[in-house]
Amino acid sequence: LRQANENYYAQRGSLLPAVQGNYSFTRQKNATGTLAPTLSSGEDIFNLHTAQVSVSYVLDVFGGVRRETESMRSLADAQRYRLEATYLTLAANVVTTAIQEAAARAQLSATTDIVRSEHEALDILRRQYDLGSIAMTDVMAQEAALATTEGTVPALQKQVEQARHALATLAGQFPSETASEHFELTSLRLPADLPVTVPARLVRQRPDILAAESQMHSASAEVGVAIANMLPQITLTGNNGSASTQFGQLLAAGNTFWAGGASLTQTLFAGGAMLHKERSARAALDQAGAQYRSAVLTAFQNVADTLSALQLDAQALDASVRAERAAEESLATVRRNVELGSVGYLALLNAQQTYQQAVLNMAQAQANRYSDTAALFQALGGGWWNRAVPA
């Protein structure tokens, strides 16, 4: 963005006259036998000091310089909106990664509770085996189920650690410099009011659309530049200075000189180069227009997808909550019946597996609901216009 701004400021200077100062010193010998001496003294070897100020100004009659300045300003605007889009993407990635950590931590906590519950179930089965009410195969099956559940713990721990490392990286730190904050699903809250906007407003607030619009504006200005280059160029020039064989006499009377004039330049033949450059600029404008349309369509697709996800994932979360509660009640009932010996081990195993899957599904459904909300804020532009524009 800084580079684009400086390029714009540099181009804006073309709208003003260019002023140059020049001083030169030479020691020379004239061929007095062939050429007339240039000094009134007739000396053939002399020093010459020359100082002058030159001014030139291109009359922007056909707007070529103005359109080029307009193009550079639009490119700077496009870069500013890209920077905003980068901030928005970074913020969304931080939020999503925090949600992923919270979901993995919730699944890890639930799995740890399930492991503890399965340990208790294994103790019950071992006591029943000691009493001779069940076979050793039931005990071994529970041991296998417990080992399987315990095997899922390291994978969940890895997800938590990877999310922590990702958050550190997004914060510009090394993975070993993870923050002390730990994110839990229970600590997250959905916003009371979701952002609502009309389609026309969406087009005016998404930074990717605004960047594509600025790019198209720049391409339009370049067409004007190409057309202006095909027309006459008028330049005004002038200089004022002095020359002397002695530095101290530069400003003496009779040593000064000046000149002024104007020139008009029109390219008569360039092998069709200017015509093709103008056609190229128009093709670039067509491309920028297509990219703008693509950005708008993609934006509306993002919003539509996010709104659908919000509705459907809310339904999925409701179903997951009901399934988890039902599975928890079923597992508690089956465990009591196993203790009483009224049901077999297979019923307990099935209830444990059902409850474990229900808990994991609910944690993931909650994470999806939070992620959908963050995605909606991002799809609607993220509210970047509420903060100061970065320098």
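Predicted model: local features only at pLDDT ≥ 70, side-chain atom pairs only at ≥ 80, totals over all residues.
Residues are numbered from 1 along each chain as its sequence is written, and side-chain values use heavy atoms, leaving out hydrogens and water. Over the chain, pLDDT averages 89, and 97% of the residues score at least 70.

**Helix α5 with α6**
- The axes of helix α5 (residues 207-229) and helix α6 (residues 273-340) come within 8 Å and cross at roughly 165°.
- Helices (H or I, at least four residues) and strands (E, at least two) are DSSP runs numbered from the N terminus; axes are lines fitted to C-alpha atoms, for helices over the stretch in contact, and angles run from 0 to 180 degrees between N-to-C directions.
- α5 and α6 are therefore roughly antiparallel (angles over 145 degrees; under 35 is roughly parallel, 65 to 115 roughly perpendicular, and the rest oblique).
- α5 passes α6 in a left-handed crossing, meaning that the near helix is turned anticlockwise from the far one by less than a right angle; clockwise would be right-handed.
- The contact of α5 with α6 has 16 nonpolar, five polar and six charged residues (nonpolar: Ala, Val, Leu, Ile, Met, Phe, Trp, Tyr, Cys and Pro; charged: Asp, Glu, Lys and Arg; polar: the others, Gly among them).

- α2 and helix α3 (residues 136-170) have axes that come within 8 Å and cross at roughly 160°, which makes α2 roughly antiparallel to α3.
- In the contact of α2 with α3 there are 22 nonpolar, 10 polar and eight charged residues.
- α2 and α6 pack at an angle of about 20° with their axes 10 Å apart, so α2 is roughly parallel to α6.

**The largest pocket**
- The volume of the largest pocket is about 210 Å³. A pocket is an open set of points on a 1 Å grid over the protein atoms alone, where a 1.4 Å probe fits, with protein on both sides within 12 Å along at least five of seven lines; lining residues have an atom within 4 Å of a point. Grid points are joined across faces, edges and corners, and the volume is the space filled by probe spheres set on the points.
- α7 (345-379) gives the most to the lining, with α2 (64-130) also supplying at least two residues.

Technical notes: pLDDT = per-residue confidence, 0-100.
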